[in-house]
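Please report on the fold, the ligand site and a few selected residues of this model. Keep it brisk.

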Amino acid sequence: MKHKIAIVGFGGMAEWHYQEIQTMDNLDIAGIWDIREERREYAREKGLHVYKGLEDLLADPETDLVLIATPNDVHKPVAVAAMEAGKNVISEKPITLSSGDLQEMWDASVRTGRFLTVHQNRRWDEDFLTVKKILEEGKLGELFRLESRVHGSRGIPGDWRQEKEHGGGMILDWGVHLLDQILLLSGNVSLRRVYATKTHVTNQLVDDGFRAELEFENGVSVLVEVGTSNFVSLPRWYVLGANGTAIIQDWELHGKIVRASGVDEKDVAPVITAAGLTKTMAPRRDDSIFTEELPRVESDVRDFYKNVMAVLEGREESLIRLPEVMRVMKLMEAIEKSADAGEVVAFEP
Ligand code: NAD
């Protein structure tokens, strides 16, 4: 069955969707609406239909699916209007700015019987799926620490992302992806406590980076960090289990796993440093560890769209569930609260 999608907001990310949709057999673009004439003109040049306005788009009987790719503060009003008009909705991330707003959108979805989802495309990132696989295979022994970072050095792009009223800041921008990934990895384990700090290196109005320490009920601690003034990037993932460590340096999946071989190393010779000696920090003897390549994981982000269409046809459940989206939204609020108060915040019982 062929579906047609109408796009509200035809900026940078909508262009990415446009490219993806070109490669799909059973999905077409019905048309777009953007408040800026230059973007409407750009869409016309691509041969796309341009609606006269949002109302015109929502009245189109050719489509029952609307993608919202506007700045973050516009997601909620457009989503609610679209569902009221009988359309199903994919919102770009973050779905909206607060858990209260999300509840209103969720209520609208229940009231209208329309499907509401969010484009959590980074669930298909291969670095994330590699970590997931390493943990599922139990390669590292009992997990006790996970660190997930993204670092750039250009500050926040010079657009609405710099402004609070549009839902700017890195917690909502990158945090929403990284936190969603961590909560997926943790499954049903309660997240007990959150401690966070924010940075304002290049921007005072919104956070241009943050660090969140998350403490789970099973003793696993997680660091999530986003930085935009980091001229040297720390690894994308650092995963520590009782019997091994995995490191993923970057999105190109450079990295390795190092595991204990089981050889007893009690008689380790101390290493002599400039001003002392240490056995504790002495490097491992070669026979006591072995190094493995990272497992290979393949993914296709178009599975997001395939799932949305299968949901609309009643063939599948949504891969992205609103309770998960709400959990992430509440976690972002807890991070804000902790950073503003300088205190640890209790999250789940
Ligand atoms: P952008 O500024 O490039 O594009 C936004 C577009 O929306 C602009 O063309 C603007 O004119 C238009 N717009 C603003 N208000 C509108 C309104 N009321 N009605 C119609 N059009 C309106 O921003 P972007 O980088 O494309 O980001 C858009 C959304 O996509 C954001 O929510 C962002 O968080 C998300 N995004 C997601 C990813 C991802 O990987 N999932 C990546 C980048 C951006």
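The chain has 9 helices and 16 strands. Helices (H or I, at least four residues) and strands (E, at least two) are DSSP runs, numbered from the N terminus. This is a predicted model, in which local features need pLDDT of at least 70, side-chain atom pairs count only at pLDDT 80 or more, and totals for chains, interfaces and linings use all residues. Residues are numbered from 1 along each chain as its sequence is written, and side-chain values use heavy atoms, with hydrogens and water left out.

The C-alpha trace spans about 75 × 45 × 40 Å along its principal axes. The chain holds 349 residues, and 49% of them count as buried. Buried means under 20% relative accessible area, exposed over 50%, and partly exposed in between (1.4 Å probe, protein chains only).

**Ligand site**

The ligand sits in the largest pocket. A pocket is an open set of points on a 1 Å grid over the protein atoms alone, where a 1.4 Å probe fits, with protein on both sides within 12 Å along at least five of seven lines. A molecule sits in one if more than half of its atoms lie within 2 Å of its grid points.

Around the ligand there are 24 residues; the closest are Met-13, Asp-34, Asn-72, Lys-93 and Asn-121. To be near, a residue needs a heavy atom within 4 Å of the molecule. The shell divides into 9 nonpolar, 9 polar and 6 charged residues. Here Ala, Val, Leu, Ile, Met, Phe, Trp, Tyr, Cys and Pro count as nonpolar, Asp, Glu, Lys and Arg as charged, and the others, Gly among them, as polar.

| Side chain | Distance to a ligand oxygen atom |
|---|---|
| Asp-34 | 2.6 Å |
| Asn-72 | 2.6 Å |
| Arg-161 | 2.8 Å |

The protein covers 84% of the 850 Å² of accessible area that the ligand has on its own. Accessible areas come from the Shrake-Rupley method with a 1.4 Å probe.

**Backbone geometry**

Lys-93 and Pro-94 are joined by a cis peptide bond, with omega about -15°. Pro-94 belongs to the loop between β4 (88–91) and α5 (99–112). Lys-93 is also one of the residues closest to the ligand.

Leu-253 is not a glycine, yet it has a positive phi of about 65°. The loop between β11 (244–248) and β12 (255–260) holds Leu-253. Is Leu-253 buried or exposed? Leu-253 is buried, because its relative accessible area is 10%.

**Selected positions**

Ile-32 is part of strand β2 (residues 27–33). With a relative accessible area of 0%, Ile-32 is buried. Its C-alpha atom is 7.5 Å from that of Leu-57, 25 residues apart along the chain.

Ser-190 lies in the loop between α7 (170–186) and β7 (191–199). Its relative accessibility is 15%, so Ser-190 counts as buried. What separates Ser-190 from Glu-348? The two are 158 residues apart in sequence, but 5.9 Å apart in space, C-alpha to C-alpha.

Ser-261 sits in the loop between β12 and β13 (271–273). Ser-261 counts as partly exposed, because its relative accessibility is 32%. From Ser-261 to Gly-244 the C-alpha to C-alpha distance is 9.5 Å, and the two are 17 residues apart in sequence.

Technical notes: Polar contact = N/O pair within 3.5 Å; in protein donor to acceptor, adjacent residues only side chain to side chain. 1 Å grid on protein atoms, 1.4 Å probe; cavity = no way out; pocket = protein on both sides within 12 Å on 5 of 7 lines; lining within 4 Å.
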